[in-house]
Amino acid sequence: MALDVLAGILMINAVEYDTAWAVRLGGHVLAGVWIVASSLVSRSWPVRVVGVLAGVWLAGYFFAGTLLAEEFLRPAGIMILVWFALLTIFHRDDPQHPAAPANPAPA
C-alpha cells in the first residue's frame, strides 16, 4: 500500500513515468505475495482459489508488465475486489479462540 501511494506521489510531482510505474509494480509483487499467503491459510475454498489467482496475476504482471499493456492488469483488480467480498462472506471466527470481551476489566 505504501509503495502504491508513493508511486502516486511520484506521478503527481512529475517524476518520470517509467520510474513511478516500476515502484508501483514492485508494490504489486509484495501485495500479490501477501494475497496468496493469506489465501492459502483460509478454510474456505472460494477464498483460496480467488485469492491465489488474484495474487499470482497481480505479482506475475511485474514480470510481463514491460511486454503487456496496462489493461492486462485490470482483471487482477476485479479479482481482488471479489476476494475481499469472499473474505467478508466466508470469514468465521475460530471457535477455539473466543472473542475478547468488549470492555475488559482493569487490572
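How many aromatic pairs does a search of the whole structure find? The search finds 4 aromatic pairs, where rings of Phe, Tyr and Trp (its six-membered ring) pair if their centres lie within 6.5 Å. Planes under 30 degrees apart count as stacked, over 60 as edge-to-face and the rest as tilted.

Before selecting anything, note that this is a predicted model, in which local features need pLDDT of at least 70 and side-chain atom pairs count only at pLDDT 80 or more, while totals for chains, interfaces and linings use all residues. Residues are numbered from 1 along each chain as its sequence is written, and side-chain values use heavy atoms, with hydrogens and water left out.

**Stop 1: the ring pairs**

Select tyrosine 17 and tryptophan 21. Their ring centres are 6.0 Å apart and their planes are at 10 degrees, so the pair is stacked. Both residues belong to helix 2 (residues 17–40), and being 4 residues apart they are separated by about one helical turn. Helices here are DSSP runs (H or I, at least four residues), numbered from the N terminus. An α-helix has 3.6 residues a turn, so residues three or four places apart point the same way.

Tyrosine 17 is partly exposed, at a relative accessible area of 39%, whereas tryptophan 21 is buried, at 13%. Buried means under 20% relative accessible area, exposed over 50%, and partly exposed in between (1.4 Å probe, protein chains only).

Go next to phenylalanine 62 and phenylalanine 63. The ring centres of phenylalanine 62 and phenylalanine 63 are 5.1 Å apart and the planes are at 85 degrees, so the pair is edge-to-face. Phenylalanine 62 is partly exposed at 36%, and phenylalanine 63 is exposed at 66%. Then select Trp34, Trp83 and Phe84, which ring pairs link into a cluster.

**Stop 2: helix 2 and its neighbours**

Colour the buried residues of helix 2, among them Ala20, Trp21, Arg24 and Leu25. The buried residues of this helix pack against helix 1 (2–12), helix 3 (45–64) and helix 4 (74–90).

For a view from helix 1, select alanine 7. Alanine 7 is buried, at 0% relative accessibility. Leaving aside neighbours within four places in sequence, alanine 7 is in contact with Ala20, Val23 and Arg24; contact means heavy atoms within 4.5 Å. The C-alpha atoms of alanine 7 and tryptophan 21 are separated by 6.8 Å, although the two residues are 14 apart along the chain.

**Stop 3: the nonpolar core**

Which residues have the most contacts inside the largest nonpolar core? Select Trp21, Ile35, Leu58, Tyr61, Leu73, Ile80 and Trp83; the core has 14 residues. Helix 2, helix 3 and helix 4 each supply at least two residues of this core. A nonpolar core is a set of buried Ala, Val, Leu, Ile, Met, Phe, Trp, Tyr and Cys residues joined through side-chain atoms within 4.5 Å. Zoom in on isoleucine 80, which touches Ile35, Ala54 and Leu58, not counting residues up to four places away in sequence.

**Stop 4: histidine 28**

Select histidine 28, in helix 2. Is this residue buried or exposed? At 13% relative accessibility, histidine 28 counts as buried. Its contacts, leaving aside neighbours within four places in sequence, are Asp4, Leu58, Ala59 and Leu73.
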